[in-house]
Amino acid sequence: MNGASVLDFARGPVFEIALAMLIFGIAWRLVGIFALRRPVDYSEPRAGTGWGSGLRMIVSRSWPRREFRERVLHWDIVSYIFHVGYAVAILGYVPHIMLIRNLTGLQWPGLPGGVIAFAAGLSAGALLALLGHRLTSPVLRRLSNFDDYFSWLLAFTPLVTGLMAYYGIGGNYQMVLGLHILAGDILFAWLPFGKIMHVILLAFSRGTTGAAYGRRGAPI
Amino acid sequence: MTDETIRDVLTRRGLSRRAFLQVCASVTAALALSPAEAADMTKRLETAERPTVIYLSYQECTGCLESLTRSFSPGIASLIFNDISLAYNDTLQAAAGQAAETAKDTAMKNAWGKYVLVVDGSVPLAQNGAYCAVAGRSAVSDLKRAAGGAAAVVAVGTCAAFGGLPYAAPNPTGAVPVSEIVRDRPVINISGCPPIAEVITGVILYYTTFGVPALDHLHRPMNFYGNTIHDRCYRRPFYDRGMFAKTFDDEGARQGWCLFELGCKGPITHNACPTTKWNGGTSYPIESGHPCLGCSEPGFWDKGGFYKALSTPTGHWSRTGVVSGAVAAGVAAGLSTAAVARARQGRAQKKAASADSEPKNPTS
Ligand code: SF4
């Protein structure tokens with residue numbers, strides 16, 4: 001397959017399949033979770049319905065609690081660098097905004113290419129550091145399974161291929177761009193089926209836990 | 001080729017040495033040759049034998065020949081096509097019918113094994129090649145016969161190089177590029193819809209003096225197709241700064257911002273437009289405010305729409321179908337998973353309840 005056909009393939013059928021898998025997976029998981037039987041809580045609510053606590057927990061769990069701060073704060077910062085860099089690269093780059101507009105009709109002004117490349121570079125560096133941490137921390141290593149490493153790879157590949165395409169590294173531009181879009185397609189397709197689904201479930205899981213805790217009067 | 005040298009022909013046509021050097025300078029500039037190579041080319045052009053060029057046209061629109069004959073550098077174009085080399089071209093010549101066929105046969109016979117065969121247009125293979133025939137012969141058999149005596153074949157235009165418009169889906173005539181028919185001798189692709197006149201003439205002159213030029217993986221001369229439009233585009237600083245025209249008449253378009261959002265295919269298109277330009281160096285499509293269509297790349301008609309940004313999907317299937325199908329399947333799968341889980345929850349609850357109501361073994 002030459003560069004042009006890889007690019008056409010990635011922008012054509014593979015994208016549509018990836019989109020279908022993304023939507024199917026998200027619908028499957030959300031409906032599957034929301035349609036589950038909820039355990040009946042017979043206890044007296046101590047602080048209203050707990051909705052406020054649910055919302056509060058979505059925010060409060062975004063930062064380590066004071067007790068753990070000294071031990072984990074630096075890794076939280078690295079993780080933030082990765083996430084913010086990733087978001088800037090996805091949401092700030094005009095070719096990506098074009099894709100979002102094509103899918104949703106929404107659009108916003110983009111950022112200069114240099115800013116995007118800087119954010120993507122930082123994000124890739126942070127992702128590498130996080131992998132190193134995962135591999136060297138005995139606890140994390142034991143907690144990690146195939147999903148963690150595979151999801152890492154799927155998050156890392158679009159960053160690297162995107163930077164290669166931007167800087168014209170890797171020879172044939174069409175091939176590199178095609179591989180970048182292909183990597184994005186695979187990330188799309190895998191998102192609902194692995195741990196990357198946290199981008200969507202994060203708010204629900206934190207909110208549900210926060211609401212349950214709040215109802216019982218636990219401090220959030 | 002004939003025994004006459006190019007210089008002999010030019011002298012006979014009354015071209016002064018000064019004019020000859022001017023022509024050489026414009027050719028070498030177009031080819032972006034180094035000063036040493038340029039001097040070498042001038043020397044070789046003086047002594048090179050006059051080449052014979054036979055120009056055949058198949059499934060095409062004559063746009064390539066139009067580009068060439070209406071070139072704003074008639075010096076070079078007419079140098080090649082009128083003065084020194086063109087032995088046969090069915091569109092330009094006065095002869096028609098049997099006389100034209102005889103002229104072609106004679107030109108081929110006189111320079112058998114030595115002529116440069118220029119082909120313009122794709123070659124249809126469906127229905128035994130019946131979609132394009134010349135003098136009762138199908139294009140494919142005509143091309144095979146002519147290529148048999150050629151030293152090299154130059155496929156001019158995207159139709160000849162990659163199939164072009166006739167090759168676009170659903171390709172009803174079974175069109176193929178020249179390189180799929182001619183496999184036993186060098187094929188140089190000069191793609192573009194149409195190609196730049198100076199590129200066509202430059203490549204023929206280069207071949208005459210140095211032989212087959214360095215080619216890329218699609219058999220295009222690196223001198224002209226080594227860079228993308230985007231690499232040399234004067235709007236590139238706007239691309240890098242994230243400044244894009246959103247419509248053809250907005251402020252961005254008036255300010256000359258990048259045309260990526262309007263579907264520019266410059267980042268994946270290899271051609272000499274930004275450097276050689278068109279109409280005597282006047283401008284090129286992007287300079288005139290229109291995004292690059294990617295006309296010198298294979299399959300450019302089938303890349304999902306000229307005005308669709310390169311980063312957007314080509315729209316392989318109906319988007320509504322994909323989205324609604326995926327939502328429906330996802331909801332169905334979610335409900336069935338939840339139903340199974342609920343049944344399991346119910347069974348577990350019932351089991352727990354019956355365990356609670358069972359009398360406890362006092363000894364346990
Ligand atoms: S107009 Fe096209 S070729 Fe020029 S910088 Fe923009 S995308 Fe690249």
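Trainee: Which residues are around the ligand?

Mentor: This is a predicted model, in which local features need pLDDT of at least 70 and side-chain atom pairs count only at pLDDT 80 or more, while totals for chains, interfaces and linings use all residues. Residues are numbered from 1 along each chain as its sequence is written, chains are lettered from A and ligands numbered from 1 in the order in which they are written, and side-chain values use heavy atoms, with hydrogens and water left out. A residue is near a molecule if one of its heavy atoms lies within 4 Å of it. Around the ligand are H230(B), C233(B), R235(B), R236(B), Y239(B), C258(B), L259(B), F260(B), C264(B), G266(B), P267(B) and I286(B).

Trainee: By class, what does the shell around the ligand have?

Mentor: Ala, Val, Leu, Ile, Met, Phe, Trp, Tyr, Cys and Pro count as nonpolar, Asp, Glu, Lys and Arg as charged, and the others, Gly among them, as polar. Here the shell has eight nonpolar, two polar and two charged residues.

Trainee: Where does the ligand sit?

Mentor: A cavity is a set of points on a 1 Å grid over the protein atoms alone where a 1.4 Å probe fits but cannot get out; lining residues have an atom within 4 Å of a point. A molecule sits in a cavity if more than half of its atoms lie within 2 Å of its grid points. The ligand sits in the largest cavity, which holds about 90 Å³ of space.

Trainee: How many cavities of 30 Å³ or more does the search find?

Mentor: A volume is the space filled by probe spheres set on the points, which are joined across faces, edges and corners. The whole structure has two such cavities of 30 Å³ or more.

Conventions:
1 Å grid on protein atoms, 1.4 Å probe; cavity = no way out; pocket = protein on both sides within 12 Å on 5 of 7 lines; lining within 4 Å.
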